[in-house]
Amino acid sequence: MVAKVFIDGEAGTTGLQIRERLEYRSDISLVSVDPARRKDADARAEAFAEADIAILCLPDAAAIEAVSLAGDCKIIDASTAHRIADGWVYGMPELPGQRDTIANASRVGNVGCYATGSIALVRPMRDAGFLTDDSAVILNGVSGYTGGGKALIAEFDAGDAADHFLYATNQGHKHVPEIMRYGRLSKQPAFQPAVGNFAQGMVVQLHLHREMLAGAPNMATLHDMLAEFYSDARFVDVVPAPARVNATKMNGTNGMEISVHGSDEAGIYTLTATLDNLGKGASGTAVQNLNLMIGAAEDAGL
């Protein structure tokens with residue numbers, strides 16, 4: 001059975017990568033809008049009506065508008081607009097029980113890039129009981145500049161941007177609400193993102209002191225716990241800590257590597273997630289969710 005898929009916003013960075021993953025699949029038929037009518041509400045409504053499922057690759061306000069045009073068409077929204085909204089399923093298949101929930105959903109909010117790495121580190125610690133819901137969690141991360149959209153890409157292409165800079169220093173990053181909800185945190189984590197002078201790639205880190213962890217686990221215990229948590233996750237590997245963490249290692253894939261760094265002697269640990277901000281952090285997971293929703297193999301096209 002062939003599924004008809006409409007990518008609303010297919011000309012954007014995420015939309016293009018989703019299209020690349022779908023256009024040669026025999027089980028997918030892509031529904032498109034004439035480029036000249038890409039912003040025409042009537043043309044888009046017609047595409048939604050024709051499609052079985054749509055993937056929204058739009059700014060938040062435009063994604064909300066798109067839902068009003070979509071009718072009964074199933075939706076995966078890659079924007080931030082619906083990730084914690086009532087009636088929407090969170091699109092992170094690696095969370096406990098989430099594959100089946102996504103497979104049966106009609107509205108899925110695709111997980112954010114920084115949220116992917118952050119939740120992937122925090123949630124196992126919560127479920128294992130090493131962190132409590134009100135633990136004071138410290139997260140940081142660095143992303144390739146494609147995560148900042150067209151304006152930031154243009155700034156780097158023109159050579160006008162710094163090689164590395166921090167942003168959202170007011171602790172107001174838009175991914176924090178989903179990190180809290182699906183990381184099972186009641187206290188807002190301190191989260192500091194950054195951008196580096198590379199197009200794609202991402203590293204997210206969770207910093208911990210053993211004294212703040214219930215049961216005082218060591219590094220081996222943390223590694224084994226993470227390996228067990230992700231034992232059935234097709235796209236997540238828990239690996240020995242590399243001497244250097246390369247933010248671009250997972251580029252072009254839907255994979256994520258997790259490792260435990262630090263020192264048992266010092267009692268200080270850093271859990272690290274490495275992923276492609278446009279792959280596992282955006283287009284790859286959108287396709288993974290799509291596969292679950294249409295009954296395809298979870299790794300089809302990935």
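In helix H3, which spans residues 60-70, the buried residues are Ala63, Ala66 and Ala70. When the helix is viewed down its axis, these buried residues fall within an arc of 55 degrees, so they line one face of H3. The structure described here is a predicted model. Ala61 and Ser68, on the other side of H3, are exposed. The buried residues of the helix pack against four elements: strand E1 (3-8), helix H2 (41-50), strand E3 (53-56) and strand E4 (74-77). After H3 comes Gly71, which has a positive phi, near 60 degrees.

The relative accessibility of Gly144 is 2%. Because the cut-off for a buried residue is under 20%, Gly144 counts as buried. Not counting residues up to four places away in sequence, Gly144 touches Val195, Gly196, Phe198, Ala199, Gln200, Gly201 and Asn277. Asp133 lies 11 residues from Gly144 along the chain, and the C-alpha atoms of these two residues are separated by 30 Å.

For the largest pocket, the volume is about 1100 Å³. Its lining consists of 46 residues, and those that lie nearest the centre of the pocket are Thr14, Cys57, Leu58, Pro59 and Gly149. Two or more lining residues come from each of the following elements: helix H1 (13-22), H3, helix H5 (113-127), E7, helix H6 (149-157) and helix H9 (279-294). Sorted by class, the lining of the largest pocket comprises 17 nonpolar, 19 polar and 10 charged residues.

The second largest pocket has a volume of about 150 Å³. The residues that line this second pocket are Met1, Val2, Ala3, Asp27, Asp52, Ile294, Gly295 and Ala296. By class, five of the residues lining the second largest pocket are nonpolar, one is polar and two are charged.

Note on methods: Residues are numbered from 1 along each chain as its sequence is written. This is a predicted model: local features need pLDDT of at least 70, side-chain atom pairs count only at pLDDT 80 or more; totals for chains, interfaces and linings use all residues. Side-chain values use heavy atoms; hydrogens and water are left out. Buried means under 20% relative accessible area, exposed over 50%, partly exposed in between (1.4 Å probe, protein chains only). The arc is that of the directions from the helix axis to the C-beta atoms. Contact means heavy atoms within 4.5 Å. On a 1 Å grid over the protein atoms alone, a cavity is a set of points where a 1.4 Å probe fits but cannot get out, and a pocket is an open set with protein on both sides within 12 Å along at least five of seven lines; lining residues have an atom within 4 Å of a point. Grid points are joined across faces, edges and corners, and a volume is the space filled by probe spheres set on the points. Ala, Val, Leu, Ile, Met, Phe, Trp, Tyr, Cys and Pro count as nonpolar, Asp, Glu, Lys and Arg as charged, and the others, Gly among them, as polar.
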